[in-house]
Structure formats: C-alpha cells, structure tokens
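Me: I would like to learn how to read the side-chain contacts and strand pairings of a protein model, one feature at a time. Could you take me through them, giving the general idea before each case?

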Amino acid sequence: MTRQQLLDNISKVLARVSRAAQNSGRNPGDVTLLAVSKTRPAQDIRDAAALGLKQFGENYLQEALEKIRALDDLQLGWHFIGPIQSNKTRAIAEHFDWVHSVDRLKIARRLSEQRPSSLPPLQVCLQVNISGEDSKSGLQSTELPALAAEVDSLPGLQLRGLMAIPAASDDSASQHRAFCQLRNAMTALAMPQLDTLSMGMSGDLEAAIAEGATIVRVGTDIFGARG
Ligand SMILES: *Cc1c(COP(=O)(O)O)cnc(C)c1O
C-alpha cells in the first residue's frame, strides 16, 4: 500500500462517515473511525497515524503487542476487538485502552483485576450476538442486563456500551435491522452512562451510523483487502 493509496482510502472513508452522519442528522464528529489494523505491518499504522488516524483496532494479541511496542513513540489509542481467552487478559489489561469484545463475566473480572492502577480504567464494550449472526462470539441479549450490571461495578473497567458483528449482508434493510437491535438493546439497559455503540465495518458503516454507531471499525476500506 503506497502512502497515496492510503491517503485516498482514508479520505474516502472519512467522507462516507461524514455523509452518513449528515444524512441522519448527526454530527460527524460524534462518530469515531477505528482503523482495524490486524495483519498490517506497523509501518502502515505509522503512515495512517501521520494522515490523522489515532485509534487502531487489533484482533490478535501477539501481533498487536509487537506493533504497540514498535509504535510507542506515537500517542495512539489501542482497541482489542477479537475473541479473548483467559490467558490473554493480563497483557490486554496492561497494553490496551479499550476492549470491545467482552462477552463473559470471568473475562471481565480478570481484566479488571489485572488493569494496572497507574492507568485509567479499561474502556469496555460488551459484545452482543444479535439474531442471525453466525459468529460464536458475543453474549445473548437475554444475558445482557445481568452482565452489564456486574461489569459496571468492576473498579478496573469503565463500561461504555455495546459492540456487535452482524452477519455480512448486502441488503440494506437487514443491515439496518441488525444495528437497530443493538441500539435497542442498549436503550433497554437504561444505563445513562453508556455512550458507545461499536458497530459497522467497511461494507455496512452507512447503515450503522444511521442507527446510531459512535465507533465504526474499518479495516479493508482503509488498508486494502487482507491477504
Ligand atoms: C476485521 C474486523 C473488522 C474490520 O472489517 P473490514 O470488513 O475489513 O472493515 C471490524 N471488526 C472486527 C471485530 C473485525 O474482526
């Protein structure tokens, strides 16, 4: 990926985000573009940062830790967005700012206990498996109120909202339906401190923003197709 290609891609994605926000009467500044940099070399992230992106999402811990170390001179925000095994929680708690993929209490407790007290609380979204989703990650909506209450009480974590990865669909109506479900699930929690809906990727960010996304997670349309 040349810097020029990267610049073109980022400009296009930012324009899509702005247009989608404006079309639904929202302020484009209320939607954060999270650049999903899994499988990309540290240099691509450095280039993207030079072009103004500051928040990066990673799925694979080992790879992420190397990049976080290599880019330590930049003030970047790091978001863990992949499945979490218990033996990975300590490094996640020590090296990330956000985790979008918390889906069970055991993991939340470990992240809270292992969050260094020198750092601000880890910013957390609960990953919900909304209907029709083929992925095995994410909790069921019925389990959400109990887990949200528990996580909200953990001192090392700050519960910010919900995340989902709906099954990919080309059909705008079904994209909207899935994202609307996540928004309704957050409204139903009636926890006014929650301000984050992490939803929408390269193929469906417009629908997500129309339904209230505050963070869109975009990989392919920024960095190109993954190999
Ligand atoms: C890979 C990934 C993305 C980015 O998907 P693209 O289609 O490449 O934009 C977003 N969210 C999660 C959780 C991912 O794993």
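Predicted model: local features only at pLDDT ≥ 70, side-chain atom pairs only at ≥ 80, totals over all residues.

Me: Which residue forms a salt bridge with arginine 160?

Reply: A salt bridge is a side-chain nitrogen of Lys or Arg within 4 Å of a carboxyl oxygen of Asp or Glu. Here the partner is aspartate 195, with the closest N and O atoms 2.9 Å apart. The pair links distant parts of the chain, since aspartate 195 sits in the loop between H7 and S7 and arginine 160 in strand S6, 35 residues apart; helices (H or I, at least four residues) and strands (E, at least two) are DSSP runs, numbered from the N terminus. Aspartate 195, at 41% relative accessibility, counts as partly exposed.

Me: How many salt bridges does a search of the whole structure find?

Reply: The search finds 9. Among them is the bridge between arginine 3 and aspartate 47, whose closest N and O atoms are 3.2 Å apart. Because arginine 3 lies in helix H1 (residues 3-23) and aspartate 47 in helix H2 (residues 42-50), this pair ties together parts that are 44 residues apart in sequence. Arginine 3 is partly exposed at 46% relative accessibility, whereas aspartate 47 is buried at 10%. In another bridge, glutamate 58 and lysine 67 bring their closest N and O atoms to 2.9 Å; glutamate 58 is buried at 0% relative accessibility, and lysine 67 is buried at 5%. Arg16, Glu206 and Asp221 are linked in a network of salt bridges.

Me: How should I read strand S6, and with which strands does S6 pair?

Reply: Two strands pair if DSSP finds at least two bridges between them. Strand S5 (residues 122-127) pairs with S6 in the parallel sense over 6 bridges, and leucine 126 stands opposite leucine 162 in S6. S6 also pairs in the parallel sense with strand S7 (residues 196-198), over 3 bridges, with methionine 163 opposite serine 198 in S7. Strand S6 (residues 157-163) is mostly covered, as 6 of its 7 residues are buried.

Me: What about the aromatic pairs, and how many are found?

Reply: Rings of Phe, Tyr and Trp (its six-membered ring) pair if their centres lie within 6.5 Å; planes under 30 degrees apart count as stacked, over 60 as edge-to-face and the rest as tilted. The whole structure holds 2 such pairs. Phenylalanine 56 and tryptophan 78 form a tilted pair, 6.0 Å centre to centre with 40 degrees between the planes.

How values were computed
Residues numbered from 1 in each chain as written. Heavy atoms only, no water. Buried < 20%, exposed > 50% of the residue type's maximum accessible area, 1.4 Å probe, protein only.
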